[in-house]
Amino acid sequence: MGITGEAGVISPIVTTVSNDNLVLTVKCPDRPGITYAITGLLASVGGNILESQQFNDRESGYFFVRIEAEVPGGLPTIENAFAALAANHGMTYQISQANRPMRTLIMVTKDSHCLADLLSKQHEGRLPIDVVGVVGNHETLRPLAEFYGQDFIHIPITKDTKPEAEARLWELITERDVELVVLARYMQILSEDMCTKLAGRAINIHHSFLPSFKGARPYQQAHNRGVKLIGATAHYVTADLDEGPIIEQDVVRVAHDEDERELMAKGAEVERQVLSRAVRWHAEHRVMMNGQRTVIFS
């Protein structure tokens, strides 16, 4: 593994993707024979199952399954037959090319830790994403984005210009065929309309102090209260601020002699870890919506 490209610019490492490897995710009312029907269809076309996970939710009565399979000929081999199968079983489903990097737009403000982590891991091949741009409402992180060879788009936003800024953002998402939007410490609230447009494909990260320590300097507030655990939460973006379906969470212990600066450093590290795991699981089609909750086939 090496670094190539122009001086001062890191180019991403390119990986080879097989067109025959597919990921099938299915949600449907639970009843006997569903797994048999799916695996039987795959077997009928010479498919070879590489990974399979399933979950029966007794509360909702829904069945969830994720299957990765090698299918000769790829998607065209099974798409019509699977559509018919899905209609018979009331399935909501998705068939995706396995390991294909997901086209991702990252949004930032001034904090660099999450952006740096995502771009570094993408470059190293540890995240199956294809970053197609970095949007910032400040110019602060342009040098970091451009160091990794990424296009930085400055979209300033104020209370008065928010409609125009979001119109530009949506235009960018459409133009670049964006599949996933990551709010990597983007310190602006998306409108209800934008949240609706991005439902199920926008991930946010925040510290897990909410709602206990709202407002300015949450780490100072936490330090003043003598907290012993700090953490981070990655969730899907909804119109209900910081209340979307949770994808991943983690915590780290803090000691009585650690100050605000040390809490912020630990908080930044756990935010990096939680966000990158959530992004990876989403990009690998391992996250499925279950009402206000998620099913994670990790």
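Which residues does Thr-104 touch, not counting residues up to four places away in sequence? Thr-104 touches Ile-129, Asp-130, Val-131, Val-132, Gly-133, Leu-180 and Val-182. Contact here means heavy atoms within 4.5 Å. The place of Thr-104 is in strand β5. Helices (H or I, at least four residues) and strands (E, at least two) are DSSP runs, numbered from the N terminus. Thr-104 is buried, with a relative accessible area of 0%. Buried means under 20% relative accessible area, exposed means over 50%, and partly exposed lies in between (1.4 Å probe, protein chains only). Glu-192 is 88 residues from Thr-104 in sequence, and their C-alpha atoms are 21 Å apart in space.

A word on the source. This is a predicted model, in which local features need pLDDT of at least 70 and side-chain atom pairs count only at pLDDT 80 or more, while totals for chains, interfaces and linings use all residues. Residues are numbered from 1 along each chain as its sequence is written, and side-chain values use heavy atoms, with hydrogens and water left out.

Now the overall layout. The chain is divided into domain 1 (21-97) and domain 2 (102-296). These bounds come from an automatic or database domain assignment. Taken over C-alpha atoms, the centres of the two domains are separated by 31 Å. At the interface, 15 residues of domain 1 are in contact with eight residues of domain 2. The area buried between domain 1 and domain 2 is about 900 Å², and carbon and sulfur atoms give 49% of it. Thr-25, Phe-64 and Arg-66 supply 42% of the area that domain 1 buries against domain 2, more than any other three residues. Buried area is the accessible area (1.4 Å probe) that two parts lose on being put together, summed over both.

In an unreviewed entry, its annotation "domain: ACT" covers residues 23-100. UniProt positions are given in the numbering used here, feature names are shortened, and annotations may be inferred rather than shown by experiment. The span 23-100 is 33% helix and 41% strand, and its end C-alpha atoms lie 10 Å apart.

In α1 (residues 34-44), Ile-34, Ala-37, Ile-38, Leu-41 and Leu-42 are buried. Seen down the axis of α1, these buried residues fall within an arc of 130°, so they line one face of the helix. The arc is that of the directions from the helix axis to the C-beta atoms. The general rule behind such a pattern is simple. An α-helix has 3.6 residues a turn, so residues three or four places apart point the same way. On the other side of α1, Tyr-36, Ala-43 and Ser-44 are exposed. The cover over the buried residues of α1 includes β1 (21-29), β2 (48-57), β3 (62-70) and α2 (75-89). Gly-46 follows α1, with a positive phi near 80°.

Next, Pro-128. It lies in the loop between α3 (113-123) and β6. Pro-128 is buried, with a relative accessible area of 16%. Pro-101 is 27 residues away along the chain, yet the two C-alpha atoms are separated by 4.5 Å. Leaving aside neighbours within four places in sequence, Pro-128 is in contact with Arg-100, Pro-101, Met-102, Arg-280, Ala-283 and Glu-284.

In α5, Ala-165, Glu-166, Leu-169, Leu-172 and Ile-173 are buried. They cover an arc of only 115° around the axis, which puts them on the same side of α5. Pro-163, Glu-164 and Glu-175 are exposed on the other side. The cover over the buried residues includes β5 (102-108), β6 (129-136), β7 (152-154), β8 (180-183) and α6 (192-197).

Two backbone angles deserve a look. Most residues other than glycine have a negative phi. Asp-177, in the loop between α5 and β8, has a positive phi near 50°. Asp-177 is exposed, with a relative accessible area of 52%. His-285 also has a positive phi, of about 60°, although it is not a glycine. His-285 is found in the loop between α8 (260-283) and β12 (287-290). His-285 is buried, with a relative accessible area of 11%.

UniProt lists Asp-242 for "active site" in an unreviewed entry. Asp-242 sits in the loop between β10 (229-236) and β11 (246-253). Asp-242 is partly exposed, with a relative accessible area of 26%.
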